[in-house]
Number of protein chains: 2
Amino acid sequence: MNWIVIMAGGSGERFWPLSRRAQPKQLQAIVTKRTMIQETVARVRPLVPMARMVVVTNREQAAMVRKQLPGLRHLLIEPVGRNTAPCCAWAAAYVAQRDPAAVMAVLPADAHINDVARYRVVLSSALDLAARRDVLVTIGIRATRPATSYGYVRLGEPLGAGFWQARQFVEKPDLARAEEFVASGEYRWNAGMFVWNATAIRAAFLKHAPKIWKTIRHAKSVPAVYPKLEKISVDYAVMEKADNVVVANGDFDWDDVGDWPALARHLPADAAGNVVRGEFYGVDASDNVVVSLPGHAVAALGVKDLVIVHTRDATLICPKSEAQRVRDVVKKLAEDRQGRRLV
Amino acid sequence: MNWIVIMAGGSGERFWPLSRRAQPKQLQAIVTKRTMIQETVARVRPLVPMARMVVVTNREQAAMVRKQLPGLRHLLIEPVGRNTAPCCAWAAAYVAQRDPAAVMAVLPADAHINDVARYRVVLSSALDLAARRDVLVTIGIRATRPATSYGYVRLGEPLGAGFWQARQFVEKPDLARAEEFVASGEYRWNAGMFVWNATAIRAAFLKHAPKIWKTIRHAKSVPAVYPKLEKISVDYAVMEKADNVVVANGDFDWDDVGDWPALARHLPADAAGNVVRGEFYGVDASDNVVVSLPGHAVAALGVKDLVIVHTRDATLICPKSEAQRVRDVVKKLAEDRQGRRLV
């Protein structure tokens, strides 16, 4: 049967101050009125019932995940973050134990997709393929701009019906290479959405990352052994090494909404180019991204290209061009006796 | 006997969002932990008892003035603002009725002074002079920088004991003229602090602005006639025309703290030049003026020379160089159906 595994362990630091350790990006309503994990679940609900959805998260976020997804029956709580390879292995072993013939889609909790209808068609066909064949499917998103914050996958031989063999995974490129990739038409974004059956993923782990698989499989308590596992991504540990990787034709929009300025790709701008969520008054203020809580207004005078985010206990101001460095602010706060509470 | 008249009718729009109509700059703790009007009263308390202090304010601010100055016995409430001439005339007539031999100092409620000891000496000597002679004293502040936001008064013949005849009042000059004024040593800032006895101010009004004086003096109810009075400053209506104006040697620091960047003249800066009231975390952030309420932190990344002010229901961001234009924001808010509540 089909299962969905949602990876929801990210810290979402680049969305501070809205995102906090106990309620990071995936548990926040960033783009729509539902939180990103709620959107992720809603997107796949027509394909898989709640009873076959698994969420992997951490101790800090677990309570909020339960609250946001009241029907959830399978919640795996990592005692420490170990990147996606241990997470995928644990989820795969957990699902296989309940359903040895399971086919599963592994999805990040924090991406935004507009064309949900097309997304469901692609995901369904990938689940169908993985039910018939022992392959590792990655959904390759059509690259619509030369993004340097995503990994890419190069297409190999077409397999028909919207699938290709994967030829090569490429880490985040520089702008020049990203432009080549987009121009060539041969590359797709590797969006971290994977589909495989229980047998195929077991075999792949046993071949390419046997220690992770065996440690989890033979543990009396997975949380107890988890801290010993290697911190490594499933891309690096398995996908890049496997020879049975298939790319599905992800011809829908997809955005991991990686920082505050990314909001501008999803929300309408006012006449001066300001993208606003909340109450905003601008005087000679243009091209800003402004987020404020209900009941609180932001007024900007004579500023351009800023990110301004107000929450109950903290406000952030930075240029859009520096938005990736919000992590440095979070780091500074974490190291501060008084600031620690805001992380 | 000596009286103090405190003019507290300003709207303080340049200190929005802290300053609001019902609680503007003079009723806010801008520089110290006490509000500016509380500081003004504390400054003169050793000279004049509470029973001889008069505050002139407006309807919106009256309740808060009473709250902040619990011992106050004389509160004049202007039904509409008419600038300082009607205000001075009303206060003078009010005081003269209770004490025909009164000597009074008229002081704005919203200036900051560090050297309070010296201030008291100067004010005392001005009150003494005005008790002996029918003159109009303005306290001329030693000009320590070529300010273009203040009016100036040119010194005439020295009268001895720290007084000069006033030679000429000059409106706010441009920078070049302000620099000349400072270099010459002949000019002082006209700080809007005046001292006179009841007879002298009555005579001056009767000579230079008789309509204002007579309307107030003969009114059954001053508030009823107040809206009919000319909107004019006491400088323009009386001081600039009178030939018995004396300048006192205001050789203490004085600052009307005209906008948010002026805070930098009174609060210490951190290593990066940020002037902060409240909780602030800066990463590559320099020379900003940051004000935040207790319990709320402001984090700034990669920004310079900004004013950032957080209050419970509104946050302002603007370059320091634009801080005078905060009035435009207030205007925009006042015209907005939703924003109106924030003014």
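In chain A, β2(A), helix α2 (residues 59-68) and β3(A) make a right-handed β-α-β unit. A crossover counts as right-handed if, with the strands pointing away from the viewer, the path from the first strand over the helix to the second runs clockwise. Helices (H or I, at least four residues) and strands (E, at least two) are DSSP runs, numbered from the N terminus. β2(A) and strand β3 (residues 74-78) of chain A pair in the parallel sense over five bridges, and Val55(A) stands opposite Leu75(A) in β3(A). Pairing of two strands requires that DSSP finds at least two bridges between them.

The model is predicted: local features need pLDDT of at least 70, side-chain atom pairs count only at pLDDT 80 or more, and totals for chains, interfaces and linings use all residues. Residues are numbered from 1 along each chain as its sequence is written, while chains are lettered from A and ligands numbered from 1 in the order in which they are written.

β2(A) also belongs to another right-handed β-α-β unit, made with β1(A) and helix α1 (residues 36-44) of chain A. Four bridges join β1 (residues 2-7) of chain A to β2(A), and the two run parallel; Ile4(A) stands opposite Met53(A). Six of the six residues of β2(A), 53-58, are buried, where buried means 20 or more other C-beta atoms within 10 Å of the residue's own, exposed means 12 or fewer, and partly exposed lies in between, with C-beta atoms placed from the backbone. In a regular strand the side chains alternate between the two faces of the sheet. Both faces of β2(A) are covered, with Met53(A), Val55(A) and Thr57(A) on one side and Val54(A), Val56(A) and Asn58(A) on the other.

Helix α7 (residues 210-218) of chain B has a buried set consisting of Ile212(B), Trp213(B) and Ile216(B). These residues lie on the same side of α7(B), because they cover an arc of only 95 degrees around the axis; the arc is that of the directions from the helix axis to the C-beta atoms. On the other side of α7(B), Pro210(B) and His218(B) are exposed. The buried residues of α7(B) pack against α3 (84-98), α6 (198-208), α8 (222-225) and α9 (234-239) of chain B.

Between the chains, 34 residues of chain A are in contact with 33 residues of chain B, a contact being two residues whose C-beta atoms, placed from the backbone, lie within 7 Å. β15(A) gives the most to the side of chain A that touches chain B, with six residues.

An open sheet of six strands contains members of both chains, in the order β11(A)-β13(A)-β15(B)-β14(B)-β12(B)-β10(B), with mixed pairing. β11 (279-283) of chain A and β10 (275-277) of chain B stand at the edges with a single partner strand each, so one side of each is left without a neighbour in the sheet. The twist averages 5 degrees from one strand to the next, with axes fitted as lines to C-alpha atoms, for helices over the stretch in contact, and angles running from 0 to 180 degrees between N-to-C directions. β13(A) and β15(B) pair in the parallel sense over four bridges, and Ala297(A) stands opposite Ala314(B) in β15(B). Within chain B, β12 (residues 289-291) and β14 (residues 306-310) also pair in the parallel sense, over three bridges.
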